[in-house]
Amino acid sequence: MSNFAEQVSQFMGPFVGRVPHNKQLGLRFVAAGDRWVELQLPFSPRFLVDPDHGVWASGPIITLMDTCVGMASMLARGAFEPHATLDLRTDYVRSPKPEATVTARGECYRMTRQIAFVRGLAHDGDPADPIAHVAGTFMFAASKLAGGWQ
Amino acid sequence: MTNPALVTLLGQNSGRLDLLPYAALLDLSFERVDGELQLIMPFAETLIGSPGRLHGGAISGLLELAGLLTVIAAQPEGEPLPRVRPVTVTVDFMREGAPIETRAAASITKLGRRVVNVHASAWQADRSRPITAAHINFVLDWPDR
């Protein structure tokens, strides 16, 4: 693992769960590598939109995935630069098991001067059998990669 | 969604959405403005994602609920409600969410019996400057008769 990734794991890892909205949901850091991050969201009945059918709202899953791939893009960037989500698409391929802890794995597969391209999945125990896939982009305000802010 | 209380509630001009646990978490209420269903998310410190900005996930959650409730309100009266679940959700983030009240509304692009295509948008002080928009495809599962 790069020095930056180690630094992020040690300092930003615990920080992820202290972001106010992440804290409200109970999101927690699990692990990170050079370009990927794993986070977890333990079940809460407050995440449901339809308690009769146990249907989850999208919001908690999108919050989890957005945070996860955003952090992966920062790792791939190798620097703490301000960035914002440009877009994020989530495909729900199946319902989570009742009361499951949801694990998110996100990676940045391509970094350009201004844009980070990310993808990720959410699963409830087996990464080979995901509940959701995401794909998205993050925008960096300016670039240090191509020599200076431009 | 089989809760008839929800249909009764959406027939009102305004109210809180505590029937939906996640809406209660976001402290949501709704209001009918010229017939349009608008969801209201008051600012709270717990919604913050990065310093001084709302978390994109919370805004996305608000958009999905605006879409979901608009779909439920569009179902024929007197019939059992289908289970409504999003299959794809695509969110565009246009402007940062300031630490103030956010509103969201949705329009149905196509109302089918099995699939409903929805566009939802969220704004703050100025509706002509949306902060976030979503395209959501919902699938409806009808109860057996």
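Trainee: Over how many bridges do strand S5 (residues 83–92) of chain A and S6(B) pair?

Mentor: This is a predicted model, in which local features need pLDDT of at least 70 and side-chain atom pairs count only at pLDDT 80 or more, while totals for chains, interfaces and linings use all residues. Residues are numbered from 1 along each chain as its sequence is written, and chains are lettered from A and ligands numbered from 1 in the order in which they are written. Two strands (DSSP runs of E, at least two residues, numbered from the N terminus, as are helices, H or I, at least four) pair if DSSP finds at least two bridges between them. A:Asp87 stands opposite B:Asp92 in S6(B), and the two strands pair in the antiparallel sense over five bridges.

Trainee: Which element gives the most to the side of chain B that touches chain A?

Mentor: Counting as contacts residues whose C-beta atoms, placed from the backbone, lie within 7 Å, 31 residues of chain B are in contact with 29 residues of chain A. On that side of chain B, helix H2 (21–25), strand S4 (48–50), helix H3 (56–73) and strand S6 (83–93) each give two or more residues. With 10 residues, the element that gives the most is S6(B).

Trainee: How many helices and how many strands does chain A have?

Mentor: From the N terminus on, the elements of chain A run α-α-β-β-β-β-α-β-β-β-β. The C-alpha atoms of chain A fill a box of roughly 55 × 30 × 25 Å along the principal axes. In total, chain A has three helices and eight strands.

Terms used: Contact = placed C-beta atoms within 7 Å.
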